[in-house]
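Hello,

Here is the model for your files. My notes follow below it.

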Amino acid sequence: MMKLLQYTLLILAALSFIYPFIWMISASLSSELGIGSLTLLPVDLTLRNYTTVFERIPLGHAFINSLLVALVTTGLVLILGAMVGYALARLRFRGRNLIFYLLIFTMTLPFQITLIPNYITMVKLGWVDTYFALIVPFVMNSLAVLLFRQAFAGLPQALIDAARIDGCGELRIIFQILLPNIIPTVLTVIILTFMGLWNEALWPLIVIRDESTMTMPQMVTLFSVGGRADAQLGVKLAAAVMLALPILIVYLFFQKHFIRSMASSGLKD
Amino acid sequence: MKKLIPYWLVSPYILYFCVFVSFPVVFSVVLTFHSWNIISPMKFVGVDNYVRLFNDRLFWQAIYNTLRFLVIHIPLQLVVALTLAEFLNQKIRGQAFFRGAFFLPVIVSGVVVTILWQQLLGFNAGILNRALSALSFPKVAWLEEPAIAMYAIALMATWKNVGLYVILFLVGLQTVPVQYYEAADMEGATHWQKFRYITLPMINPTIFMVVVLSTIGGFSLFIEPYIMTEGGPLNSTLSAVMYIYKQAFQYYHMGYSATLGFFFALIILGVVAIQKRYVEREM
């Protein structure tokens, strides 16, 4: 009896999370008149909504921008995070604890406090409407540093000593010897960073005004809020589907890693 | 020379900290005493911005809205996440499927979720109202009624994030030693008693973490009302971050906006500190 109740509840919950997405995709493939229905399959199957989005806004260009920004930033977060994390975990130097506390401080600082000054920094550097504004403020990530620090701390010292005897420099030790041993952490950092950047909408809305530099979430937001969607539901939904699809596809393949990385992001200490 | 290596390795962080953390914090304090539209020179205005803040009814409305959001969002999040996690933590077939499904909204952009829910919550065509009609309940003006709109957004936010907290609770539930439950079984404890007297106290740290994370997340509410209602109806979904954004980027009141941001950040830190003390006392 208890089991039955359990399964019923879990299945209902699962449906309430999956069904809206299926509805969204099929509605985006339906004609404007067909959208009102609750079916799982598109009504009057058509690609009109998608072609309309591309006619009205340069979404393809925004896709390239998003991809570029997310890839470059994620790469830099990996490199810089590993360097700092390694130094904090494996090297003794004056000020190490201080830097650790600064990291914790940075993580607890509400972003609302730094929002306006950071925008002004971008203005003063002349970075408004450039990729620099989208990339540089995100290349350092405190959570990534802490995750790397934790992972590096768990590796045996013999690994590092052996590499040193072979004449490896610190950078080679980090990237060639140690990093391959902490692949789960690397995946966690990649997933969290890439996902965060791909979905970030507020910061681009602030620093980018020029359509040619806009990212996808920003462009879809402006499209949806501004008048260009003409209050057509199907067109808005099509734009939303295109924003969601890349992450959803990656998620289907790497589900386990996604869930594990998010779980470890919550358990940061 | 060798002694410098660690410093060389951490130098990117130090540079980042100076430019994107310490400078903004210091500068935002300076900015709160100035009036500035970015183009003309900054003008010192003393505590004018703070005086204005205390008399700004719209700002207090935005704070009130954000709190209303949190008051419904956090308990709902906790109860739903804990219930699902507790049910999922039993011997259940299709564990991976359920976890994967609950997690789906977590990974997609808030922009997507908002556009989707805008349709689900529509008055005439929305799925929720159709379901209500089918069960012969009256339709609800989810997004058009000032008293309800913020709660509708809180419902959506819960739907979006709850999967993450299910996972965190699952991790927490697995730390409870099985012997405790076995001992309770010997005493003939009911499901509810085991949950109330073993599970709940044992996962207190996770509950605290979930409360703090969803508080911080809730305080940064922006994109959902921005797309869904643009702060309306009658400013009932204007969130604090949205108001800070508007002051800066619609009216170019940089000094005033920084004052709002600074003051709001203090509120956030205060609330989180209170939560922390409360939980530490409980534990």
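**Domains and helix packing**

For chain A, UniProt lists "domain: ABC transmembrane type-1" (unreviewed entry) at residues 63–254. UniProt positions are in the numbering used here, feature names are shortened, and annotations may be inferred rather than shown by experiment. That stretch of chain A is 76% helix and 0% strand. Its end C-alpha atoms are 21 Å apart. Helices (H or I, at least four residues) and strands (E, at least two) are DSSP runs, numbered from the N terminus.

Before going on: this is a predicted model, where local features need pLDDT of at least 70, side-chain atom pairs count only at pLDDT 80 or more, and totals for chains, interfaces and linings use all residues. Residues are numbered from 1 along each chain as its sequence is written, chains are lettered from A and ligands numbered from 1 in the order in which they are written, and side-chain values use heavy atoms, with hydrogens and water left out.

Chain B carries the feature "domain: ABC transmembrane type-1" (unreviewed entry) at residues 63–275, according to UniProt. Residues 63–275 of chain B are 76% helix and 0% strand, with end C-alpha atoms 18 Å apart. Chain B has 13 helices and 2 strands. Of its 283 residues, 54% count as buried (under 20% relative accessible area, 1.4 Å probe, protein chains only).

Within chain A, helix α7 (residues 142–153) packs on helix α10 (residues 183–199) at about 175°, with axes 10 Å apart. Axes are lines fitted to C-alpha atoms over the stretch in contact, and angles run from 0 to 180 degrees between N-to-C directions. So α7(A) is roughly antiparallel to α10(A) (over 145 degrees). The contact (heavy atoms within 4.5 Å) includes A:Leu147 and A:Phe148 from α7(A), and A:Val189 and A:Leu192 from α10(A). By class, it has 8 nonpolar, 2 polar and no charged residues. Nonpolar covers Ala, Val, Leu, Ile, Met, Phe, Trp, Tyr, Cys and Pro; charged covers Asp, Glu, Lys and Arg; the others, Gly among them, are polar.

Helix α12 (residues 216–225) of chain A has 8 of its 10 residues buried, so it is largely enclosed by the rest of the structure. A:Met216 and A:Phe223 are among the buried ones. The axes of α12(A) and helix α5 (residues 110–120) of chain B come within 10 Å and cross at roughly 25°. The two helices are therefore roughly parallel (under 35 degrees). A:Pro217, A:Val220, A:Thr221 and A:Ser224 meet B:Val111, B:Ile115 and B:Gln118 there.

Best wishes

Methods: Buried means under 20% relative accessible area, exposed over 50%, partly exposed in between (1.4 Å probe, protein chains only). Angles under 35 degrees count as roughly parallel, over 145 as roughly antiparallel, 65 to 115 as roughly perpendicular and the rest as oblique.
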